[in-house]
Amino acid sequence: MKKLIITLTLVIVMVTAANAQDYNNAIGIRGGLFSGLTLKHFIGDRAALEALLETRWSGLGVTGLYEIHANAFDVDRLNWYYGGGAHIGFYNGSNTKWGTANTSYSVIGIDGILGIEYNIPDIPINISLDYKPVFNIIGYTGFWGDGGALSIRYIF
């Protein structure tokens, strides 16, 4: 069992150590059921922080994510990433299928993210597609599994 754990750890380290990112900062728009703004900043060769400001149900949500990036399919400038974080949101129950009319909801929860992104050569544009499920632990509790989105960012 000890050998298996050591082997799996080494494989994970080698996979995530594949390639460094080719940008430091990017800002853009995120389109999906939760849409808004995205800001990504690399804090290491493969580690990034992403902040999301999203709207839905006549409300507003803020999410912070920690992500690990690695090269995908040996294609230059194509990377996959995974990670997690937390969110806080404020929603109007009149505009949801789960809330009560004329009631405001505040939620706090944890997020996961799994995605793939491509940095377009010769122009400073990054395109990503991700799946971001969330689990609310305070406020309107429960699982929201519809957090996928397409993001387009300007690299600077």
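The protein exposes about 8,600 Å². Carbon and sulfur atoms supply 68% of that area. Keep in mind that this is a predicted model.

Next, color by burial. The protein has 156 residues, and 38% of them count as buried; the cut-off for buried is under 20% relative accessible area.

Switch to cartoon. You will find 1 helix and 10 strands. Trace the chain along the sequence: the pattern reads α-β-β-β-β-β-β-β-β-β-β. Now show contacts. Among those in the protein with a separation of 6 or more, 49% join residues 24 or more positions apart.

Select residues 149–155. This is strand β10. Show its side chains and compare the two faces. Ala149, Ser151, Arg153 and Ile155 make up the covered face. Leu150, Ile152 and Tyr154 lie on the uncovered one.

Which residue of β10 stands opposite glycine 32? Zoom in on alanine 149: that is the one facing glycine 32. Alanine 149 also belongs to the covered face of β10.

Pick asparagine 126 and look across to β10. Its bridge partner there is arginine 153. Arginine 153, like alanine 149, sits on the covered face of β10.

Note on methods:
Residues numbered from 1 in each chain as written. Predicted model: local features only at pLDDT ≥ 70, side-chain atom pairs only at ≥ 80, totals over all residues. Heavy atoms only, no water. Buried < 20%, exposed > 50% of the residue type's maximum accessible area, 1.4 Å probe, protein only. Helix = DSSP H or I, 4+ residues; strand = E, 2+ residues; numbered from the N terminus. Pairing = 2+ DSSP bridges. Contact = heavy atoms within 4.5 Å. Areas by Shrake-Rupley, 256 points an atom, 1.4 Å probe, with all protein chains shown as cover.
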